[in-house]
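Okay, thanks everyone. Let me put the structure up, and then I'll walk through a couple of spots in it.

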Amino acid sequence: MLLDEVIEKSPAEYIRRPTIDPDFTATQALTQREALRLLDAATEHSLRAQTLVDLLLSTGLRISEALSIRVSDISEGRLLITRKGGKKAAVYLPEHTLRNLRELTETTGSEVEKQSIGVSSLVFITRTGKPWQRSNVDGLLRKLALTASIRKTVSAHVLRHTHATLALEMGVALHHLQDSLGHKDPRTTRRYDHARSRLENSSARVVGTLFE
């Protein structure tokens, strides 16, 4: 006897799936002060920790993008990364972040031009020379958060979320942030805009002045 002869209808047919708010995110961003305290703790810990925390906070890279960076991807003012799906993209690289990357990799930039040995090496590696794993990164970030007296759960994704939140608070246009983060859907970027529900940010405050 076949199963569909015993059960006429699926028992899950009338179960209502929960509605998911596309604008909702449970991730808590760090405040500017918390981000600075975390960077201070990373600086005291090691050059590798300082470089990664600075990179994630300053650029908003995904941890997978950051951990796949090679020496040859670093250049003056920009960093070549691999987005989801393998697409290459260039992101702006602040001077202080570039300086940290150069110090960590012990390079000056001329190595890439000369095709010196080692330019294809990963930037973020362990003491034994193996690729740094995301699980180890998040473990380090939790320790740094404790050192910095941050009660929030800190992970690499929280630092990306923090970059996006601070960018919007500092006036970066939503569509520019969308491009910077590599989001295909602008609704994904809007999740980071915690100020969008404030009445003082309503378009009525601006357009309404035309009809006073």
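So, F124: buried or exposed? Buried, because its relative accessible area is 0%, and the cut-off for buried is under 20%. Keep in mind that this is a predicted model.

F124 has a ring partner, W132. The ring centres are 6.2 Å apart and the planes sit at 40°. Stacked would need under 30 degrees and edge-to-face over 60, so we call this pair tilted. And that's the one aromatic pair in the structure.

What about W132 itself? Its relative accessibility is 6%, so W132 counts as buried too.

Okay, on to pockets. The general idea is that you roll a probe the size of a water molecule over the atoms, and that shows where empty space is left.

I'll take the second largest pocket, which has about 290 Å³ of space. Which helices supply at least two residues each to its lining? Helix 2 (32-45), helix 3 (47-59) and helix 8 (156-169). Helix 2 gives the largest share, with four residues.

Among the lining residues you'll find L36, L39, L57, L166 and M170, along with Q32, S58, H163 and D54.

That's my tour, happy to go back to any of it.

How values were computed: Residues are numbered from 1 along each chain as its sequence is written. This is a predicted model: local features need pLDDT of at least 70, side-chain atom pairs count only at pLDDT 80 or more; totals for chains, interfaces and linings use all residues. Side-chain values use heavy atoms; hydrogens and water are left out. Rings of Phe, Tyr and Trp (its six-membered ring) pair if their centres lie within 6.5 Å; planes under 30 degrees apart count as stacked, over 60 as edge-to-face and the rest as tilted. Buried means under 20% relative accessible area, exposed over 50%, partly exposed in between (1.4 Å probe, protein chains only). On a 1 Å grid over the protein atoms alone, a cavity is a set of points where a 1.4 Å probe fits but cannot get out, and a pocket is an open set with protein on both sides within 12 Å along at least five of seven lines; lining residues have an atom within 4 Å of a point. Grid points are joined across faces, edges and corners, and a volume is the space filled by probe spheres set on the points.
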